[in-house]
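Dear colleague,

I am passing on a structure that you have not worked with before, and I would be glad if you could look through it alongside the notes that follow it.

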Amino acid sequence: MRIKLRLPRLLPGVLAVFSYLLFLLATLPAVYIVPRLPLPAGLKLYDIQGTLWQGQIGELQWQQHVFRHITWDVLWRRLWLGMPTVEVVLHDKENIEGHLRIGWRGDWFVNDVQLQAPVNVLQTYTPTPLPAELSGNLSLNISQLQINPHQCLSLEGQARWSQASIATPLGAVALDSPQFTLTCHNRSFVLNAEQSSAAIRSQTTLQLALSGRYQLQATLTAGNALPEALRSSLTLLGTPDTKGTFHIKQQGQLTNF
């Protein structure tokens, strides 16, 4: 009986203390919290403002890449459902513009990804330099992605490369807005791409594991608009089939992935 009498008396005090602690956590400046999170090595953050629940980063530097004007907002309604979710917006108009939602519930979820960027900017993120200059704009949309530290569990996404062209020392090639689809297969990311222009027709499948292991399969067929110097260089890929199509297969391990 004594316990039953004391609990109602203690409950308002417990709720008051809990509410006060929640208030302190909600209003604690993000500049004291974000740098102490388990961030990737080499990641540097500058001009952090706001709170843990809503704030912005003036500049983010990682592996010689710089992103500016990043904001975040914790979605409370999903927090109470046991799935912490953060909405992130990138406003760097000179670099990359994007929007996504990151959540966790045993595995990581990434939803509603929308990204627009010049292709020549994205080219700087490739692990090895390409002997060509890419131009055009890339639009990426990912409706849902589920991963854990070891594997890709599910992925649905599409991308489009508009005004696409490739400039090489042997000549320039105009492409016909390549289309990409993104999925998961055998615990790896899979990218399928195809395009057909007057210069070249191509189909590509790239499978990439989180370990950095990759497999590449592609076909290339030269068109009438392909510069002769580039047409002759295609023989470095091997011998074409009876239809003039080159078949490429390659696999290996990406370093620093």
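**A buried threonine, and what lies around it**

Thr 221 has a relative accessibility of 9%, and it therefore counts as buried, since the cut-off for that term is under 20%. Please keep in mind throughout that this is a predicted model. Thr 221 belongs to strand E13, and, once its neighbours within four places in sequence are set aside, it is in contact with Ala 199, Ile 200, Arg 201, Lys 243, Gly 244 and Thr 245. With one of these residues, Thr 245, the contact is also polar, as the two side chains are joined at 2.7 Å. Ser 202 lies 19 residues away from Thr 221 along the chain, and the C-alpha atoms of the two are separated by 6.5 Å.

**The strands on either side of E13**

Strand E13 covers residues 213-222 and runs antiparallel to strand E12, residues 200-208, with nine bridges joining the two. Within this pair, Gln 203 stands opposite Thr 219 of E13. E12 and E13 form a hairpin that leaves four residues between them, and in the turn Gly 212 has a positive phi of about 100°. E13 is also joined to strand E14, residues 245-253, again by nine bridges and in the antiparallel sense, and here Gln 217 has Lys 249 in E14 as its bridge partner.

Strand E14 is also the place of Phe 246, which is buried because its relative accessible area is 6%, under the 20% cut-off. What does Phe 246 touch, leaving aside its neighbours within four places in sequence? Its contacts are Ala 218, Thr 219 and Leu 220, together with Leu 234, Thr 235, Leu 237, Gly 238, Thr 239 and Pro 240. Between the C-alpha atoms of Phe 246 and Ser 202, which are 44 residues apart along the chain, the separation is 9.5 Å.

Trp 104 has Trp 108 in E6 as its bridge partner, and the hairpin of E5 and E6 has one residue between the strands, with Gly 106 taking a positive phi near 85°. E6 pairs in turn with E7, in the antiparallel sense and over 10 bridges, and in this pairing Val 113 has Ile 142 in E7 as its bridge partner.

Is Arg 101, whose relative accessible area is 15%, buried or exposed? Arg 101 is buried, because 15% is under the cut-off of 20%. This residue sits in strand E5, and its side chain makes a polar contact of 3.4 Å with the side chain of Glu 87. Not counting residues up to four places away in sequence, Arg 101 touches Leu 75, Arg 77, Arg 78, Thr 85, Val 86, Glu 87, Phe 109, Val 110, Asn 111 and Asp 112.

**The nonpolar core**

The largest nonpolar core has 42 residues, and those with the most contacts inside it are Ile 48, Ile 96, Ile 142, Leu 145, Trp 161 and Val 173. Strand E7, which spans residues 133-148, gives the most to this core, with six residues. As general background, nonpolar side chains in soluble globular proteins tend to be buried together. Ile 48, leaving aside its neighbours within four places in sequence, is in contact with Ala 30, Val 31, Val 34, Pro 35, Gln 56, Ile 57 and Trp 72.

**The chain as a whole**

Lastly, some totals for the protein chain, which has four helices and 14 strands. Of its 257 residues, 33% are buried, and its accessible surface comes to about 16,800 Å², with 59% of that belonging to carbon and sulfur atoms. Among the contacts in the chain with a separation of 6 or more, 34% are between residues 24 or more positions apart.

With kind regards

Conventions. Residues numbered from 1 in each chain as written. Predicted model: local features only at pLDDT ≥ 70, side-chain atom pairs only at ≥ 80, totals over all residues. Heavy atoms only, no water. Core = buried A, V, L, I, M, F, W, Y, C linked by side-chain atoms within 4.5 Å. Buried < 20%, exposed > 50% of the residue type's maximum accessible area, 1.4 Å probe, protein only. Contact = heavy atoms within 4.5 Å. Pairing = 2+ DSSP bridges. Polar contact = N/O pair within 3.5 Å; in protein donor to acceptor, adjacent residues only side chain to side chain. Areas by Shrake-Rupley, 256 points an atom, 1.4 Å probe, with all protein chains shown as cover.
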